[in-house]
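This note sets out several points for a reader who is meeting the structure for the first time. Please keep the sequence and the model at hand while reading.

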Amino acid sequence: MTSATPATPAPGSSPQPERPALPDGVTLPEGVTVAGLRALAVSLATAGGALVRERRPERVTVAATKSSDVDPVTAMDRAVEEMLRTRLAAERPDDAILGEEGDDVAGSSGLTWVVDPIDGTVNYLYGVASYAVSVAVVAGPADPARWTVLAGCVHSVVDGRTWDAGLGEGATRDGVPLRPVGPAPLGRSLVGTGFGYAASRRAAQARVLTEVLPQVRDIRRLGAAAIDLCLLAEGALDLYYERGLNPWDMAAGSLVATENGARVTGLRGSGPGEGMTVAGRGEALDELVALLERAGADGPEDTAASR
Ligand code: IPD
């Protein structure tokens, strides 16, 4: 069994720099460190990416659909998730697992691995080069509004960009610390967003978009929330919002974002989650939250909309 604890420094080597304390109420199992969990997240996400690259068939097909007939699962989503679960069972047998493509696995350590084998499955299906393997480990409930994300990695499969972060340790891309990013005014902000798979949700999201678009520089819908959050982290997007994200879409990317100074929140004083996830910096973030609240972005959806 591989431990998530890094090797003990050799006698005489310089001591590890002191790490910031974990938030109140968050404790790690004996012998476990954020750095060790982070290294495992990177190893898992990059191994998942290698599998996707090696085994991508000439023509990707849909194996099944989930929440609607345009919400696909491919054989590769399943293969990568199975590999991640097998490795976690061997290397972290006491931890719980919450994954996009399988049943929840209970644990006894207080830690949960939150994994998305392919975030951006529609891009993978069509050969659009923005999809990622996302692996994070959280303490506390597996609920984005209440969990503490300890470590995470987002590995962009096609170009190999790899973002990772550890709580209190900062965030890197390809091992290089992300540069600090300053806020942009709302009117000059490039805003990432995404849309759900149900027609009723999309109808509501389209209405909200008509309120947001005139107020900002432009909108990007890139198709993989985990990558969107990492782009936000490094300043390639100024703001991001989306209704309907699942925990596995956001776990790793949100830590990369917050570890580089961004805030990730919900509306009306709530934390981020399925209801709404908004990420950004400074006043522009507060203005976008207010704009989304006024637009009723978390309000009723038009159930009459169908496809
Ligand atoms: C989806 C992507 C997309 C977002 C959807 C997610 P999936 O994840 O992150 O960008 O707009 O809300 O469901 O289904 O490809 O893992």
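Which residues in α1 meet which residues in α2? The points below begin with that question.

1. The model under review is a predicted one. On the α1 side of the contact lie Leu-40, Ser-43, Leu-44, Ala-47, Gly-48, Leu-51, Val-52 and Arg-55. They meet Met-76, Ala-79, Val-80, Met-83, Leu-84, Arg-87, Leu-88 and Glu-91 in α2. By class, the residues of this contact of α1 with α2 are 11 nonpolar, two polar and three charged.

2. Helix α1 covers residues 34-55 and helix α2 covers residues 75-91. They pack at an angle of about 150°, and their axes are 10 Å apart. An angle over 145 degrees counts as roughly antiparallel, so α1 and α2 fall into that class. Their crossing is right-handed.

3. A second pair is formed by helix α4 (residues 199-212) and helix α7 (residues 282-294), with an angle of about 130° and axes 10 Å apart. The two helices are therefore oblique to each other. α4 passes α7 in a right-handed crossing. In this contact, Val-208, Glu-211 and Val-212 of α4 meet Leu-288, Leu-291 and Leu-292 of α7. Five of the contact residues are nonpolar, none is polar and one is charged.

4. From α5, the residues Ala-225, Ala-226, Leu-229, Cys-230, Leu-232 and Ala-233 take part. Their partners in α6 are Asp-249, Met-250, Gly-253, Ser-254, Val-256 and Ala-257. The contact of α5 with α6 contains nine nonpolar, two polar and one charged residues.

5. Which of the 16 residues around the ligand come nearest? They are Asp-119, Gly-120, Thr-121, Tyr-197 and Glu-242.

6. For Thr-121, a backbone N or O atom lies 2.8 Å from a ligand oxygen atom. For Ala-224, a backbone N or O atom lies 3.1 Å from an oxygen atom of the ligand. Arg-221 contributes through its side chain, where an N or O atom is 3.0 Å from an oxygen atom of the ligand.

Technical notes:
Residues numbered from 1 in each chain as written. Predicted model: local features only at pLDDT ≥ 70, side-chain atom pairs only at ≥ 80, totals over all residues. Heavy atoms only, no water. Axes fitted to C-alpha atoms, helices over the stretch in contact; angles between N-to-C directions. Helix = DSSP H or I, 4+ residues; strand = E, 2+ residues; numbered from the N terminus. Parallel < 35°, antiparallel > 145°, perpendicular 65-115°, else oblique. Left-handed = near helix turned anticlockwise from the far one by under 90°. Contact = heavy atoms within 4.5 Å. Nonpolar A, V, L, I, M, F, W, Y, C, P; charged D, E, K, R; others polar. Near = heavy atom within 4 Å. Polar contact = N/O pair within 3.5 Å; in protein donor to acceptor, adjacent residues only side chain to side chain.
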